[in-house]
Amino acid sequence: MSDSASATPPTTEGTLPFRVGDETFQTYYKIVGDLRAGRPLVTLHGGPGSAHYYLLSLADLAHAGRAVVFYDQLGTANSTHLPHKPSEFWTPKLFMDELENLLAGLAIADDFDLLGHSWGGMLGAQFAATRAPKGLKKLVLSDSPASMPLWEEVAAVLVAGMPEDVQATLKEHEDAGTTDSKEYEEAMDKFYAKHLCRLQPMPSPVAKSFQCMSEDPTVYHTMNGPSEFHITGSLKTWTIIPELHRVQAPTLLLNSRYDEAQDKCVQPYFQHIPRVKWYTFAEGSHMPHWEERDLYMKVVGDFLDQKL
C-alpha cells in the first residue's frame with residue numbers, strides 16, 4: 001500500500017446554520033476524508049438523540065476516494081439543544097429538513113451515499129422514499145425497523161427471553177411510571193448487553209453516545225420513550241412500509257442474529273424496496289459495526305464500491 005493510501009484521512013469539523021421558522025439553530029458535523037475526492041458517505045445516527053459518537057467506527061470506510069460525514073441531529077450533543085420545545089416540534093419532517101440542509105450546506109446534495117443506523121435508518125428510508133433525493137446513489141439501512149409496531153412486537157419477544165427477575169423489574173417500573181429509577185436502568189443494561197451491544201464493557205464511543213442521551217434526553221424521551229422496548233413517544237405508530245416501493249436507490253439491508261431489529265421488523269424493507277440486498281451478521285446484536293467490525297466494513301464497503 002502506498003504512503004498516500006495508508007495515511008490517516010484528514011478530519012474537519014464545523015457547524016451549519018439550520019433555519020426552522022423564524023429561528024436559526026446549529027448542526028454540528030465532522031468529516032473524515034476529503035469531501036471532494038469522490039462520492040461521500042453520509043451517516044445518520046440513531047436514538048433519536050444518541051449523537052454521532054457511537055458510529056465513529058464507520059470512519060474505517062473513509063479512503064482516498066470516499067469521505068465519511070458524521071453529524072449530530074438537532075437537540076443532540078454538539079448541535080443546538082432545545083429542551084423546552086414542545087413534543088410536536090420533534091418530527092421526522094424536522095430531521096429530513098435538517099438532512100437536506102446539511103447536504104446543501106456541504107455542497108454534496110447532487111452525489112452522496114447514505115447509511116442510517118436504527119432510528120437513522122428509519123429516517124434514511126423515509127427521506128429516500130418521500131423526498132426522492134436525486135443525488136442519493138446508494139442507501140444502507142442498518143439495524144432499523146420498517147415500523148415501530150413491529151419493533152415493539154419483536155421487543156416483547158426479546159424481553160420475554162430475559163431472566164424472570166429482569167422481566168419483573170422492567171414491568172414493575174413501566175407500570176408505575178418509574179422508568180427513571182436505578183433498578184430499571186440496571187435491568188435495561190442487562191437487556192442491552194444481550195441485544196444492543198454484546199461487547200462488554202461497551203466501546204468508549206458507544207458509552208459516550210449513551211452519556212449524551214442521558215445528559216439531555218429530550219429528543220429520545222419525546223419521540224421514543226424511556227427505553228428501547230417501551231415506546232411511549234411520538235414514533236409509537238410510525239411506519240414507512242406503504243412508501244417503500246418509492247425508494248429508487250440500490251439498498252443494502254443489515255441486521256444481526258441477536259439484534260433488537262430482528263428479521264420480522266426489517267423484512268418489509270426487503271419485500272418492498274425494488275433493488276435491495278439483505279445481509280445478517282451471525283454474532284452481532286444492534287451494533288455489528290463494533291461487534292463484527294471488520295466484516296461489517298467489508299460488507300458495506302463492497303456494496304458502496306460496486307459500480308452503479
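**View 1. Helix 5 and helix 6 pack against each other at an angle of about 135 degrees**. Helix 5 covers residues 164-176 and helix 6 covers residues 182-195, and their axes are 9 Å apart. Helices (H or I, at least four residues) and strands (E, at least two) are DSSP runs, numbered from the N terminus. Axes are lines fitted to C-alpha atoms, for helices over the stretch in contact, and the angles run from 0 to 180 degrees between N-to-C directions. Helix 5 and helix 6 are therefore oblique to each other. Under 35 degrees counts as roughly parallel, over 145 as roughly antiparallel, 65 to 115 as roughly perpendicular, and the rest as oblique. The crossing of helix 5 and helix 6 is left-handed; that is, the near helix is turned anticlockwise from the far one by less than a right angle, whereas clockwise would be right-handed. Helix 5 makes the contact through D165, V166, T169, L170, H173 and E174, and helix 6 through E183, Y184, A187, M188 and K190. Contact means heavy atoms within 4.5 Å.

The model is predicted: local features need pLDDT of at least 70, side-chain atom pairs count only at pLDDT 80 or more, and totals for chains, interfaces and linings use all residues. Residues are numbered from 1 along each chain as its sequence is written, and side-chain values use heavy atoms, with hydrogens and water left out.

**View 2. Helix 2 and helix 3 cross at roughly 75 degrees**. The axes of helix 2 and helix 3 come within 10 Å. At this angle helix 2 is roughly perpendicular to helix 3. From helix 2, the residues in the contact are P92, F95, M96, L99, E100 and L103; from helix 3, they are W119, L123, Q126, F127 and T130.

View 3. Rings of Phe, Tyr and Trp (its six-membered ring) pair if their centres lie within 6.5 Å; planes under 30 degrees apart count as stacked, over 60 as edge-to-face and the rest as tilted. The count comes to nine aromatic pairs. One of them joins F95 and W119 edge-to-face, with 5.9 Å from centre to centre and 80 degrees between the planes. F95 lies in helix 2 (residues 92-105) and W119 in helix 3 (residues 119-130), so this pair ties together parts that are 24 residues apart in sequence. F95 is buried, at 1% relative accessible area, and W119 is buried at 2%. Buried means under 20% relative accessible area, exposed over 50%, and partly exposed in between (1.4 Å probe, protein chains only). F270 and W278 make a tilted pair, 5.4 Å centre to centre with 55 degrees between the planes. F270 is partly exposed at 39%, and W278 is partly exposed at 26%. Ring pairs also link F25, F89, W90, F95 and W119 into a cluster.

**View 4. Two charged side chains lie over aromatic rings**. The charged end of K85 sits over the ring of F89, 5.0 Å from the ring centre. R198 lies over the face of Y258, at 3.7 Å from the ring centre. A charge sits over a ring if NZ of Lys or CZ of Arg is within 6 Å of the ring centre and within 35 degrees of the ring normal.

View 5. Most residues other than glycine have a negative phi, and most peptide bonds are trans. The bond from G47 to P48 is cis, with omega near -5 degrees, and P48 lies in the loop between strand 3 (41-44) and strand 4 (68-71). The bond from Q200 to P201 is also cis, with omega near 0 degrees; P201 lies in the loop between helix 6 and helix 7 (204-215). A77 is not a glycine, but its phi is positive, about 50 degrees. A77 is in the loop between strand 4 and helix 2. S118 has a positive phi near 60 degrees and lies in the loop between strand 5 (112-117) and helix 3. S118 is buried, with 9% relative accessible area.

**View 6. L158 lies in helix 4**. Helix 4 covers residues 148-160. L158 is buried, at 11% relative accessibility. Not counting residues up to four places away in sequence, L158 touches F191, H195, D259, E260 and Q262. The C-alpha atoms of L158 and Y192 are 11 Å apart, while the two residues are 34 residues apart in sequence.
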